[in-house]
Amino acid sequence: MDVEDIRADLTEVLITEEEIHAKLAELARRVEADYAETTPLLVGVLKGAVMVMADFARELQIHIDMDWMAVSSYGAGTESSGVVRILKDLDTDIAGRDVLIVEDIIDSGLTLSWLLQNLQSRGAKSVKILALLRKPESIKVEVDVEYVGFDIPPAFVVGYGLDFAERYRNLRAVGVLAPHVYE
Ligand code: PRP
């Protein structure tokens, strides 16, 4: 399957690679200013956040530390259940640290609301969230997201880290998956 075929699986490109990079640069300038007096620990949530973390971290012109967590937020279905399991924990002790969670998407909000509380309970000095995408119409629990890239409609989006059955993560843009692919 080549790139042409993959594009045929999308009904539209929602956010282009250029738009993503411009937005990450904009958010990076805010983060640099907000964390001027400290070295934040960026926590990427595997696997979806890999692309955002790679590009956002390289955009930043300040010192950062980086760590990763893997959590399982979904059961067998495609809907968030709110039951979160830690599959891979941080290597870092975050007591007293300024933590910035880096996520690809906030959908129902269940994963991030759980993660926020979990990291706060470890004695972090501050815990904030950066999410490239947010689906306001899918929110089930309100989560305070300090840095949001784009608000998007509740469509099935893939690309730039977001998958369908582990595929499409490597697309450079974010697109809407065509129903014929998953129905
Ligand atoms: C996605 C995404 C968030 C979560 C958001 O991860 O990366 O972690 O779902 O959904 P919520 O707001 O409804 O809780 P997913 O569980 O698909 O794992 P992945 O990152 O490995 O694809």
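Which residue places a polar side-chain atom 3.0 Å from an oxygen atom of the ligand? That residue is Arg169, and the table sets this polar contact (a pair of N or O atoms within 3.5 Å) beside two others.

| Residue | Atom of the residue | Distance to an oxygen atom of the ligand |
|---|---|---|
| Arg169 | polar side-chain atom | 3.0 Å |
| Thr111 | polar side-chain atom | 2.5 Å |
| Lys47 | backbone N or O atom | 3.0 Å |

The protein covers 88% of the 500 Å² of accessible area that the ligand has on its own, an area computed by the Shrake-Rupley method with a 1.4 Å probe. The model is predicted, so that local features need pLDDT of at least 70 and side-chain atom pairs count only at pLDDT 80 or more, while totals for chains, interfaces and linings use all residues. Residues are numbered from 1 along each chain as its sequence is written, and side-chain values use heavy atoms, with hydrogens and water left out.

Around the ligand stand 17 residues, the closest being Glu103, Asp104, Ser108, Gly109 and Thr111; a residue counts here if one of its heavy atoms lies within 4 Å. Four residues of this shell, its largest share, come from β5.

Elsewhere, the structure holds three aromatic pairs, that is, rings of Phe, Tyr or Trp (its six-membered ring) whose centres lie within 6.5 Å, with planes under 30 degrees apart called stacked, over 60 edge-to-face and the rest tilted. Phe156 and Phe164 form an edge-to-face pair, 5.5 Å centre to centre with 85° between the planes, and together with Tyr182 they make up one aromatic cluster.

Technical notes. A polar contact is a pair of N or O atoms within 3.5 Å; within protein, one must be able to donate a hydrogen and the other to accept it, and residues adjacent in sequence count only if both atoms are side-chain atoms. Helices (H or I, at least four residues) and strands (E, at least two) are DSSP runs, numbered from the N terminus.
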